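Here are some notes for a colleague who is opening this entry for the first time. They begin with the chain as a whole and then turn to one part of it.

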Amino acid sequence: MTQSHALRMPIKAGSEKPLLVCFSHLRWDFVWQRPQHLLSRAVKHYNVLIIEEPVFKPGAKPHVDVSDRPQGVTIAVPVLPEGLSHEDILVEQHDLIEELIGRESTGSRVFWYYTPMAMAFTSDLECDLCVYDNMDELSLFRGASQELLDLENALFARCDLVFTGGMSLYEAKKSRHRSVHGFPSSIDFNHFSQARSIDKDPEDQAHIPHVRLGFFGVVDERMDIDLLAQVAELRPDWQFVMIGPVVKIDPASLPQAPNIHWLGGKSYNELPHYLAGWDVGFMNFALNEATKFISPTKTPEFLAAGVPVVSTAITDVVRPYGEKGLVEIARNAKEVVAKVETVLARPKDPWLARVDRHLAAGSWDKTWGSMHKLMLDATGGAATDRPASSLPVYATTPAE
């Protein structure tokens, strides 16, 4: 439905839940990742409204497209005419959002930021609690601007809580705010462990011979495509199954070879069906500014699927997964080949038993529960009889 008038919040009639407004640079319908895992759980406690970045259409009258998703969240997308200046885009977004939710908080409401850029058009809107879920070091991504850095400083000044998407990012941000908490990527174990019992290949994978090395996720500047090409050349008998949308890099730059298979994006529900047919997970991340602080969600997802992993030396993969012997770490193409051969030769059951003991320590449910407790504590809404944790909150996730 299209809303071009004051919505006064798409709250379900008679709802007692407070409002959580999320400002996101990621589309809900793009790739299922951290925001979706957390906010689909937040709906138990909040009416969740996710305000995405605008879309531009020729001659459009500024308005907001509002629609619901099966997970219980409401998505709001500003629609603006093409050709506006940067300043006018900010003004239009501000006015549409103010019309949508009101300048003042009429009940308890939370602002939850994934992008500091939203501070440019929301800083004068009231909230009772402000959370920055800092899932990546956006300032190190390709095309990051000084404006982004300035607005992140403003967001740190405004917010009550900062959550980080990994422990290396926690270390980098803990001195910038009084209340920073590390929450590394967690795992929807039941979803990905389906791969252990699926024995039918998807149609576009069925013809690909084994040995299969697989990757799933966004294909962008964080991927070491040269490493992929080198390993594929060293072992032409191995097949490389690459799943995910290509973003911010030229698709023509991707290596092409008879044993490299670019299958495009797949839905979250389809992923276990592909992983079930892989012999090894290949996390060929580049070691660059954009990956300095990443904590790849796919690490525990591969493991839950029962797929052994060979990864480049990403800090939040080396510690703890590499150090615990759950993931093999390789620093060049020859090491990738050697590590894959090691993985293929070893018995799987003892490794999988160690994996399951590690993954049992955490889940997205536990992560959200720990976050929500911090939110309640920050607003004085915590139950007084709740036992206090003796551990720092970031130790409640599997990547402690």
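**Notes on the predicted model**

1. The accessible surface of the protein chain comes to about 17,100 Å², and carbon and sulfur atoms account for 52% of it. Please keep in mind that this is a predicted model.

2. As for overall dimensions, the C-alpha trace of the protein chain spans about 60 × 55 × 40 Å along its principal axes. The radius of gyration is 22 Å, which agrees with the value near 21 Å that a compact globule of 400 residues would have.

3. Of the 400 residues in the protein chain, 55% are buried. When contacts between residues at least 6 apart in sequence are considered, 70% of them join residues at least 24 apart. The protein chain holds 14 helices and 16 strands.

4. Which strands pair with β9? Strand β8, residues 129-134, pairs with β9 in the parallel sense over 4 bridges, and within this pairing N134 stands opposite T164. Strand β10, residues 180-182, also pairs with β9 in the parallel sense, over 3 bridges, and here H181 is the bridge partner of F163.

5. Between β9 and β10 the chain passes through helix α5, residues 167-173, and this β-α-β crossover is right-handed.

Technical notes:
Residues numbered from 1 in each chain as written. Predicted model: local features only at pLDDT ≥ 70, side-chain atom pairs only at ≥ 80, totals over all residues. Heavy atoms only, no water. Pairing = 2+ DSSP bridges. Helix = DSSP H or I, 4+ residues; strand = E, 2+ residues; numbered from the N terminus. Right-handed = clockwise from strand over helix to strand, strands pointing away. Rg over C-alpha atoms; globule rule 2.2 N^0.38 Å. Buried < 20%, exposed > 50% of the residue type's maximum accessible area, 1.4 Å probe, protein only. Contact = heavy atoms within 4.5 Å. Areas by Shrake-Rupley, 256 points an atom, 1.4 Å probe, with all protein chains shown as cover.
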